[in-house]
Amino acid sequence: MDGTASRLLQDLKSRLGPEIRLVTLESPDYQTAISRWSATSIRPAGIVAFPLSTKEVSNLVLFATLHRLCLAVKGGAHSTGGNNSSDGGLIIDFPKIWDVSVDLDNKVIIAHGGCTWEGVNRVTEKYKLSVVSSTISNVGIGGSTPGGGFGWFVDDTGQ
Ligand SMILES: Cc1cc2nc3c(=O)[nH]c(=O)nc-3n(C[C@H](O)[C@H](O)[C@H](O)COP(=O)(O)OP(=O)(O)OC[C@H]3O[C@@H](n4cnc5c(N)ncnc54)[C@H](O)[C@@H]3O)c2cc1C
């Protein structure tokens, strides 16, 4: 890591605190951190961050903006176009941002950006509710809600 990259990393650590996991090229788990469902999406990121809270996500976005870094978000990692990766930039890896709650009266589900459909379905089944989602349970809700939507109810609902 050169001096500029090292200073960037120190700045990021000082903004986020010691709890957040940051992976760089020198980290032993770097290859795992940049792996994706499709090999066509793998790019050599500069830093991969694993936030645990929405506040940390917000600080990461601010940091990327301040330093004009290329920023990419990874949810369930199933896209094939490479938009979940960055060549040299900062990755926000979402799957630790995970929570699902159900508003039974209004039949509304609130799920955090790192959830997969499996995680959502495991909570909603307790309430006998199902979601128009994906047929594959480990697809991320963050990517497939705006970019997918083909699920088991397609015959009934068209989705
Ligand atoms: C094996 C396989 C099976 C599939 N099956 C289905 C299916 O049955 N039905 C269907 O509709 N689609 C299906 N898809 C397509 C899938 O919906 C899309 O590839 C979707 O983009 C994957 O979302 P992801 O979160 O897993 O992927 P990612 O690659 O992590 O994300 C995809 C895009 O969304 C962005 N993103 C992810 N999470 C967030 C977030 N929390 N906030 C902001 N941006 C975010 C990423 O930056 C990226 O641009 C399948 C894909 C594969 C590879």
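The model is predicted: local features need pLDDT of at least 70, side-chain atom pairs count only at pLDDT 80 or more, and totals for chains, interfaces and linings use all residues. Residues are numbered from 1 along each chain as its sequence is written.

Start with the whole chain. Its C-alpha trace spans about 55 × 35 × 25 Å along the principal axes. There are 6 helices and 6 strands. Both are DSSP runs, numbered from the N terminus: helices are H or I with at least four residues, strands are E with at least two. In sequence order they follow the pattern α-β-α-β-α-β-β-β-β-α-α-α. Of the 159 residues, 28% are buried. A buried residue has 20 or more other C-beta atoms within 10 Å of its own, with C-beta atoms placed from the backbone. Among contacts with a separation of 6 or more, 47% join residues 24 or more positions apart. A contact means that two C-beta atoms, placed from the backbone, lie within 7 Å.

The chain divides into domain 1 (3-96) and domain 2 (100-154). These bounds come from an automatic or database domain assignment. The C-alpha centres of the two domains lie 25 Å apart. Their contact takes 7 residues from domain 1 and 8 residues from domain 2. On the side of domain 1 that touches domain 2, 2 residues are nonpolar, 4 are polar and 1 is charged. Here Ala, Val, Leu, Ile, Met, Phe, Trp, Tyr, Cys and Pro count as nonpolar, Asp, Glu, Lys and Arg as charged, and the others, Gly among them, as polar.

Now the sheet. Four strands form an open sheet in the order S1-S2-S4-S3, with mixed pairing. Two strands pair if DSSP finds at least two bridges between them. Strand S1 (21-24) and S3 are the edge strands; each has a single partner strand, so one side of each is left without a neighbour in the sheet. From one strand to the next, the twist averages 20°. Angles run from 0 to 180 degrees between N-to-C directions, and axes are lines fitted to C-alpha atoms, for helices over the stretch in contact.

S1 pairs with strand S2 (residues 47-50) in the antiparallel sense, over 4 bridges. Arg-21 stands opposite Phe-50 in S2. Helix H1 (residues 3-16) lies across S1 and S2, and runs at about 170° to S1. Helix H3 (residues 54-66) also packs on the sheet, where it touches S2, S3 and strand S4 (90-93). The direction of H3 makes about 170° with that of S4.

Further along comes a hairpin. Strand S5 (residues 100-103) and strand S6 (residues 108-111) pair in the antiparallel sense over 4 bridges. Val-102 faces Ile-109 in S6 as its opposite residue. The hairpin has 4 residues between the strands, and Lys-107 takes a positive phi near 50°.

Finally, the ligand. Around it are 26 residues, and Gly-75, Gly-76, Gly-140, Gly-142 and Gly-143 come nearest. A residue is near a molecule if its C-beta atom, placed from the backbone, lies within 6 Å of it. Strand S3 (71-74) and helix H5 (141-147) are the elements that give two or more residues to the shell. H5 gives the most, with 4 residues. By class, the shell has 8 nonpolar, 17 polar and 1 charged residues. Domain 1 (3-96) and domain 2 (100-154) each supply at least three residues to the shell.

Terms used: Buried ≥ 20, exposed ≤ 12 C-beta atoms within 10 Å, placed from the backbone.
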